[in-house]
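Hi,

Here is the structure I promised to pass on. Have a look at it first, and then read my notes below.

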Amino acid sequence: MKNIRSYSIEELTTMMEELGERSDSPRRARKIYHNLWKKYITGFDEIEDFPQHIIEHLKEYYTLNKVVIHTQQKSSDGTIKYALKLYDGNIVEGVLIPTETRMTACISSQVGCSLTCKFCATGKMERVRNLDYWEIYDQVCIIKEQALLHYNMDLTNIVYMGMGEPLLNYDNVLKSTQMCISNDGLGLSHNRITVSTAGISKMIKKLADDEVKFNLAVSLHAANDEKRSHMMPINDSNNLQVLEEALLYFCNKTEEKVMLEYIVFDNFNDNPEDAEELSSFSQRVPSKINLIEYNSIGDTEFINSREERLKVFKDILYKNKCTVMTRRSRGKDIDAACGQLANR
Ligand code: SF4
């Protein structure tokens, strides 16, 4: 069985021609495409007002390979974590993060991850495979449906911050964002989408060359090579200087700022000199800083910064005129918070 969602409209048109549809082929192809992506059907029988012999043909030779909810857990703060089953039995996690004004889907781009960041539960798993773009899209559609079901509110934002490194699955991630933005798909505004990377410099430049319109976030977590390499091995091959060059290239080409994600670890990267280094990096690269509360993954090396240390840290950033936001942790009690996704 072939996956019908890998077909473009042109390929569907050819398929219809081969079925003898002749002049009706483009119209039939468009209807199938609309049902696959916009209506997000779960079976071919859901295509309304369509010739039965074509539906039977589709059922016989094609599959939708839909992602389905395997299990779900709801946090006391309303966050819901979904274990999502892929057609081959692999599981990834997606998270619905509700606030009064936003419904955010945090989605995965790979099964596992190869980058082994020390503070991250996913990094302790093997990378199994990349997700196809329709699997990434399915996660968004599932979480969108769940947002309506549980909160009667439509999805407003998508963040590629779940399992995996999005820029190591570049083509599928890009195609999935295109389907989320396209009027043939979800029709979301590009500035509602954020792709987060651990800092694959070459691919950051490629994003700029490809003129992407979504937001880019970088998991910086230290503006000092020694500390960054200690927790993120990717820094050995993509050090801060290389990363800075790539980010400047991106910012210059897109005329956009990037978000520097910074998990604040107690007594590791929350010293006054760390704040000065972060300020200096942020002053060189057009950026905003997002300070993130850490959630332990049962490892004692990294723990969340204490209130009094965080205050001193932030005061230095403010004194240096950095734009700073603070992200409070959501879904900690169900291991759904940042760095905790590991199919548990
Ligand atoms: S933080 Fe991101 S890139 Fe690093 S191991 Fe975890 S999932 Fe992979």
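**What I found**

Let's start with Thr156, which sits in the loop between α4 (133-151) and β9. Helices (H or I, at least four residues) and strands (E, at least two) are DSSP runs, numbered from the N terminus. Before going on: this is a predicted model, where local features need pLDDT of at least 70 and side-chain atom pairs count only at pLDDT 80 or more, while totals for chains, interfaces and linings use all residues. Residues are numbered from 1 along each chain as its sequence is written, and side-chain values use heavy atoms, with hydrogens and water left out.

Is Thr156 buried or exposed? Thr156 counts as buried because its relative accessibility is 17% (buried means under 20% relative accessible area, exposed over 50%, partly exposed in between, with a 1.4 Å probe and protein chains only). Leaving out residues up to four places away in sequence, Thr156 touches Thr101, Arg102, Met103, Leu188 and Arg192 (contact means heavy atoms within 4.5 Å).

Next comes strand β9 (residues 157-160), which is covered on both faces. Asn157 and Val159 are buried on one side, and Ile158 and Tyr160 are buried on the other.

Which strands does β9 pair with? Strand β6 (residues 103-106) runs parallel to β9, with three bridges between them, and β10 (residues 193-197) also runs parallel to β9, again with three bridges. (Two strands pair if DSSP finds at least two bridges between them.) Ile158 is the bridge partner of Ala105, and in β10 Ile158 has Ile193 as its bridge partner. From β9 the chain crosses through helix α5 (residues 170-181) to β10, a right-handed β-α-β crossover; with the strands pointing away from you, the path from the first strand over the helix to the second runs clockwise.

Now for strand β4 (residues 80-85): five of its six residues are buried, so β4 is largely enclosed by the rest of the structure. Six bridges tie β4 to β3 (residues 68-74), running antiparallel, and six bridges tie β4 to β5 (residues 91-98), also antiparallel. The hairpin of β3 and β4 has five residues between the strands, and Gly78 there takes a positive phi near 95 degrees. In the hairpin of β4 and β5, Gly89 takes a positive phi near 95 degrees.

Enjoy exploring!
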